[in-house]
Amino acid sequence: MVFIIDSNNILLKIGKKIYELRKEADLKQIDVSKQIGIPQSSYSEIENGHYNITIRQLVKICEFYKVDISYIFNENDGFTEKELIELADFKKYIISKRRN
């Protein structure tokens, strides 16, 4: 099963969170991308909200920064009700995949 977040606004918000994590850690995109095993160009697109991030990539990023995935989906970030529902469904899907 492939779960794709189709809302550009959600991708932008996820990217912003990931960008903030990298800046707080004082790291360069190339350093993070090497650690999580993706090209720097893909990592840049994730931060800019122009890349449909996979569950595996999102989990790797969260593990790298040592944050729970719920941090990425913090509900206090101005998401619309529809986006919150999509995010909740996506979060449930991720959790179900971790159990398998």
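Tyr19 sits in helix H1, where helices are DSSP runs of H or I with at least four residues, strands are runs of E with at least two, and both are numbered from the N terminus. With a relative accessible area of 37%, Tyr19 is partly exposed; on this scale buried means under 20% relative accessible area, exposed means over 50%, and partly exposed is in between (1.4 Å probe, protein chains only). Tyr19 and Glu47 are 28 residues apart in sequence, yet their C-alpha atoms are 5.4 Å apart in space.

All of this comes from a predicted model, in which local features need pLDDT of at least 70, side-chain atom pairs count only at pLDDT 80 or more, and totals for chains, interfaces and linings use all residues. Residues are numbered from 1 along each chain as its sequence is written, and side-chain values use heavy atoms, with hydrogens and water left out. The average pLDDT (the predictor's confidence in each residue, from 0 to 100) is 84 for the protein, and 84% of the residues score at least 70.

As for the overall build, the protein has six helices and zero strands, so the pattern along the sequence reads α-α-α-α-α-α. Of its 100 residues, 40% count as buried. Contacts here mean heavy atoms within 4.5 Å. Taking the contacts with a separation of 6 or more, 64% are between residues 24 or more positions apart.

Next comes the pairing of H2 and H3. Helix H2 covers residues 29–36 and helix H3 covers residues 40–47; they pack at an angle of about 110°, with their axes 8 Å apart. Axes are lines fitted to C-alpha atoms, for helices over the stretch in contact, and angles run from 0 to 180 degrees between N-to-C directions. H2 and H3 are therefore roughly perpendicular to each other, given that 65 to 115 degrees counts as roughly perpendicular, under 35 as roughly parallel, over 145 as roughly antiparallel and the rest as oblique. On the H2 side, the contact is made by Gln29, Ile30, Val32, Ser33 and Ile36, and on the H3 side by Gln40, Tyr43, Ser44 and Glu47. These residues divide into four nonpolar, four polar and one charged; Ala, Val, Leu, Ile, Met, Phe, Trp, Tyr, Cys and Pro count as nonpolar, Asp, Glu, Lys and Arg as charged, and the others, Gly among them, as polar.

Ser33 of helix H2 counts as buried, because its relative accessibility is 1%. Not counting residues up to four places away in sequence, Ser33 touches Ile38, Pro39, Gln40 and Tyr43. Over in H3, the buried residues include Ser42, Tyr43, Ser44, Ile46 and Glu47. Just after H3, Gly49 takes a positive phi of about 75°.

The largest nonpolar core has 23 residues, and Ile18, Tyr43, Leu58, Ile61, Ile72, Phe73 and Ile94 touch the most other members. A core of this kind is a set of buried Ala, Val, Leu, Ile, Met, Phe, Trp, Tyr and Cys residues joined through side-chain atoms within 4.5 Å. Helices H1 (8–24), H2, H3, H4 (55–65), H5 (69–72) and H6 (81–99) each supply at least two of its residues, and H4 gives the largest share, six residues. Within H4, Ile55, Gln57, Leu58, Val59, Ile61, Cys62 and Tyr65 are buried. As for Ile18, leaving aside its neighbours within four places in sequence, this residue is in contact with Tyr43, Ile46, Glu47, Ile53, Leu58, Ile61, Tyr65 and Ile72.

Most residues other than glycine have a negative phi. Asp26, although not a glycine, has a positive phi of about 55°. Asp26 is placed in the loop between H1 and H2 and counts as exposed, at 69% relative accessibility. Lys66 is not a glycine either, and has a positive phi of about 60°. Lys66 is found in the loop between H4 and H5 and is exposed, with a relative accessible area of 74%.
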